[in-house]
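Here's a quick briefing on the fold, the salt bridges and a few side chains worth a look.

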Amino acid sequence: MDFSAKLDELQQRAAEAKAAAQAAASESREQLRQRIDQARVDVDLAGMDARQQVGEAAASTRSKWAQMKADAAVKLDDFEAKMDRRADQLDAKVAARQADGAEADAADAIDFAAWTVDNARLAVLDAIDARVYADDLARPAGA
């Protein structure tokens with residue numbers, strides 16, 4: 001498996017997220033809503049993919065990573081529901097509390113992403129080690 005390519009893709013996605021956040025900070029609310037709508041579409045597509053992978057994993061073997069993706073998809077659904085409720089609120093105090101909550105959610109998501117990257121690094125190193133070990137064991141048997 002080409003882990004370098006997957007990690008490069010992850011790095012690119014993180015760079016795109018950072019650029020989007022920097023650009024959004026200076027955009028109008030309408031521009032921001034358009035950016036959010038596009039991000040929702042992207043997240044929905046990723047969520048569908050995660051749900052499909054969970055279904056496939058359930059058919060063969062349960063994977064903790066597949067379950068983690070499913071859990072993340074549930075969190076994303078919750079995030080969308082919060083955004084929809086926010087649009088219905090008119091009270092400035094309620095809006096300020098929701099903004100505080102949204103900022104906390106964003107910080108939590110970043111922390112979760114960092115944790116996920118750390119676990120991905122460990123999983124990649126473990127996978128490489130497992131492949132090296134399997135290849136080492138196969139050499140004497142096949143030689």
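Arg13 counts as exposed, at 52% relative accessibility (exposed means over 50% relative accessible area, buried under 20%, and partly exposed in between, with a 1.4 Å probe and protein chains only). Its side chain meets that of Glu9 in a salt bridge, 4.0 Å from N to O (the term covers a side-chain nitrogen of Lys or Arg within 4 Å of a carboxyl oxygen of Asp or Glu). This is a predicted model, where local features need pLDDT of at least 70 and side-chain atom pairs count only at pLDDT 80 or more, while totals for chains, interfaces and linings use all residues. Residues are numbered from 1 along each chain as its sequence is written, and side-chain values use heavy atoms, with hydrogens and water left out.

**Salt bridges**

- The structure holds four salt bridges, and the Glu9 and Arg13 pair is one of them.
- Both Glu9 and Arg13 sit in helix α1, four residues apart, or about one turn of the helix.
- Glu9 is partly exposed, with a relative accessible area of 47%.
- Arg35 and Glu27 also pair up through their side chains, at 2.6 Å from N to O.
- Here both partners are partly exposed: Arg35 has a relative accessible area of 29%, and Glu27 comes in at 23%.
- Asp118 forms a salt bridge with Arg121, with the closest N and O atoms 3.9 Å apart.
- Asp118 and Arg121 are separated by about one helical turn because they are three residues apart in helix α4 (residues 92-142).
- Asp118 is partly exposed at 40% relative accessible area, whereas Arg121 counts as exposed at 52%.

**Overall fold**

- The protein chain has four helices and zero strands (both are DSSP runs, numbered from the N terminus: helices are H or I with at least four residues, strands E with at least two).
- Reading from the N terminus, the elements go α-α-α-α.
- Of the 143 residues in the protein chain, 11% count as buried.
- The accessible surface of the protein chain is about 10,900 Å², and carbon and sulfur atoms account for 58% of that (areas come from the Shrake-Rupley method with a 1.4 Å probe, and for residues only the protein chains shown count as cover).
- Take the contacts between residues at least 6 apart in sequence: 50% of them join residues at least 24 apart (a contact means heavy atoms within 4.5 Å).

- Helix α1 has 22 residues and reaches 31 Å from its first C-alpha to its last, close to the 32 Å expected at 1.5 Å a residue (the expected span is 1.5 Å times one less than the number of residues).
- What caps the N-terminal end of α1? Asp2 does, with a side-chain oxygen 3.4 Å from the backbone nitrogen of Ser4.
- Leu10 is found in α1, which covers residues 3-24, and is partly exposed, with a relative accessible area of 36%.

- Arg40 lies in helix α2 (residues 29-59). Is that arginine buried or exposed? Arg40 counts as buried, at 17% relative accessibility.
- Not counting residues up to four places away in sequence, Arg40 touches Arg33, Glu80, Met83 and Asp84.
- Met83 belongs to helix α3 (residues 64-88) and counts as buried, at 4% relative accessibility.
- Leaving aside neighbours within four places in sequence, Met83 is in contact with Arg33, Ile36 and Arg40.
- The C-alpha atoms of Met83 and Gln98 are separated by 9.2 Å, with the two residues 15 apart along the chain.

Notes
A polar contact is a pair of N or O atoms within 3.5 Å; within protein, one must be able to donate a hydrogen and the other to accept it, and residues adjacent in sequence count only if both atoms are side-chain atoms.
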